[in-house]
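Please examine the protein shown below.

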Amino acid sequence: MEKIPRTMRAAVYVGDGRVEARSLPVPTIGPGEILVALRSCGLCGSDIYKIVHGTVPAPAVLGHEVVGTVVAAGTGVQRFAPGSRVVVAHHVPCGTCHYCRHGNISMCRAFRSSNLDPGGFAAFIRVPARHVAAVTFPVPDSLEDAEAAFTEPLASCLRAVKRSPLEPGEAAVVVGLGSIGLLLTQLLHLRGARVVGVDPLPDRRHLARRLGAEAALDPTREDVGAAVRAVSDGRGADLVLLAAGSAAALPPALDWVRDGGALCCFAPLAPDAPVPVNLNPLYYRELTLFGSYSPSPADLGEALDLLASGRVRVAELITHRLPLSALGEAVAAVREHRALKVILTLGEEGT
């Protein structure tokens, strides 16, 4: 077995929107735990949100879309051995509390307090025993590392779609065709929905049509409402998913959804963002407004199966593969719409 070093490289959020490359101690594992050497970690919009808005205390190692190789296993670990390629999620529910019993897995207090050690933007990650048992999965040979890193974000999207009342043949609108919006587009298409994508960027609209959207429109130039009515027998959308964290998207979304339809908020707004919307339509039109946050262990397993079978395509969503030291550059590229999905690796850093 390869010798494990004492220190490792990590990309650390240090406050004020800044990240730095730092040297940290390699975590020590205990019974039931595994030590994973990073292979790939996706940059999630939530990572960018935390860095830009400072919603987590600094210093912090973020990153949770983790794929790596097991390099050490604690006593009692039987499912994984050194050399195993795994995908690991960052939160794990207790499975027995009030929230878990009611299907609100991501509201479980154990879920919210659990995490990897440190986050995925580090050369080595300690995976706690409960994570090993519930949210660590072997990566199928059919998937490359970067594709497997989509397991957690795809599972989050899957949870949102499963929580919606959408039936096959009904109309859905996806607002924001970033990587999350394009995952949602594919899941809705698999569910048999007639999907309309909304995004001002032409390359993203083109990709949405290739991945199952019946129409993809620029809301600043085209009549989205007319397109939605055309695929819904004039009703409006049965479901609108907001995959872009923009308060300005709310008023038109309420116009696009049908009477009695549902609106899902799938992205956070800036902490101080005003919400310019009249909520009376929720009452008069009997609309359902719901959020969807994070997946269950079952969602993760289902998402990995969708990736391994090729039913959800992700390779074409990856626009940048960068080393951990380029985390700051990656954040800027996504915010400036120069990148769709960035996968971070050890690159030249090693350990």
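Buried means under 20% relative accessible area, exposed means over 50%, and partly exposed lies in between (1.4 Å probe, protein chains only). This is a predicted model, in which local features need pLDDT of at least 70, side-chain atom pairs count only at pLDDT 80 or more, and totals for chains, interfaces and linings use all residues. Residues are numbered from 1 along each chain as its sequence is written, and side-chain values use heavy atoms, with hydrogens and water left out.

Q: Is Glu-65 buried or exposed, and what is its relative accessible area?
A: Glu-65 lies in strand S4 (residues 65-73). Helices (H or I, at least four residues) and strands (E, at least two) are DSSP runs, numbered from the N terminus. Because its value falls under the 20% limit, Glu-65 is buried, with a relative accessible area of 1%.

Q: Which residue joins its side chain to that of Glu-65 in a polar contact of 2.7 Å?
A: A polar contact is a pair of N or O atoms within 3.5 Å; within protein, one must be able to donate a hydrogen and the other to accept it, and residues adjacent in sequence count only if both atoms are side-chain atoms. Contact in general means heavy atoms within 4.5 Å. Leaving aside neighbours within four places in sequence, Glu-65 is in contact with several residues, including Ser-40, Cys-44 and Glu-152. The partner in the polar contact of 2.7 Å is Lys-341.

Q: Why does Gly-178 count as buried, and what is its relative accessible area?
A: Gly-178 lies in the loop between strand S8 (171-175) and helix H7. Leaving aside its neighbours within four places in sequence, Gly-178 is in contact with Asp-199, Arg-204 and Leu-340. Gly-178 counts as buried because its relative accessible area is under 20%. The value is 18%.

Q: How far does helix H12 reach from its first C-alpha to its last?
A: Helix H12 (residues 297-309) has 13 residues. The expected span of a helix is 1.5 Å times one less than its number of residues, and for H12 this expected value is 18 Å. The reach in the model is close to that, at 19 Å.

Q: Which elements are included in what covers the buried residues of H12?
A: The buried residues of H12 are Asp-299, Leu-300, Gly-301, Ala-303, Leu-304, Leu-306 and Leu-307. Just after H12, Gly-310 takes a positive phi of about 80°. The cover of the buried residues includes strand S5 (85-88), strand S7 (136-138), helix H5 (145-148), helix H6 (151-163) and helix H7 (179-190).

Q: What is the omega of the peptide bond from Asp-117 to Pro-118?
A: A cis peptide bond joins Ala-58 and Pro-59, with omega about 0°; Pro-59 lies in the loop between helix H1 (45-53) and S4. Pro-118 is found in the loop between helix H3 (109-113) and strand S6 (124-127). The bond from Asp-117 to Pro-118 is also cis, and its omega is near -15°.

Q: What is the relative accessibility of Asp-16?
A: Asp-16 is found in the loop between strand S1 (7-15) and strand S2 (18-25). Its phi is near 55°, a positive value in a residue other than glycine. Asp-16 counts as exposed because its relative accessibility is over 50%. The value is 72%.

Q: What radius of gyration does the protein have?
A: The radius of gyration is taken over C-alpha atoms, and the globule rule is 2.2 Å times the number of residues to the power 0.38. With 351 residues, a compact globule would have a value near 20 Å. The protein agrees with this, having 20 Å.
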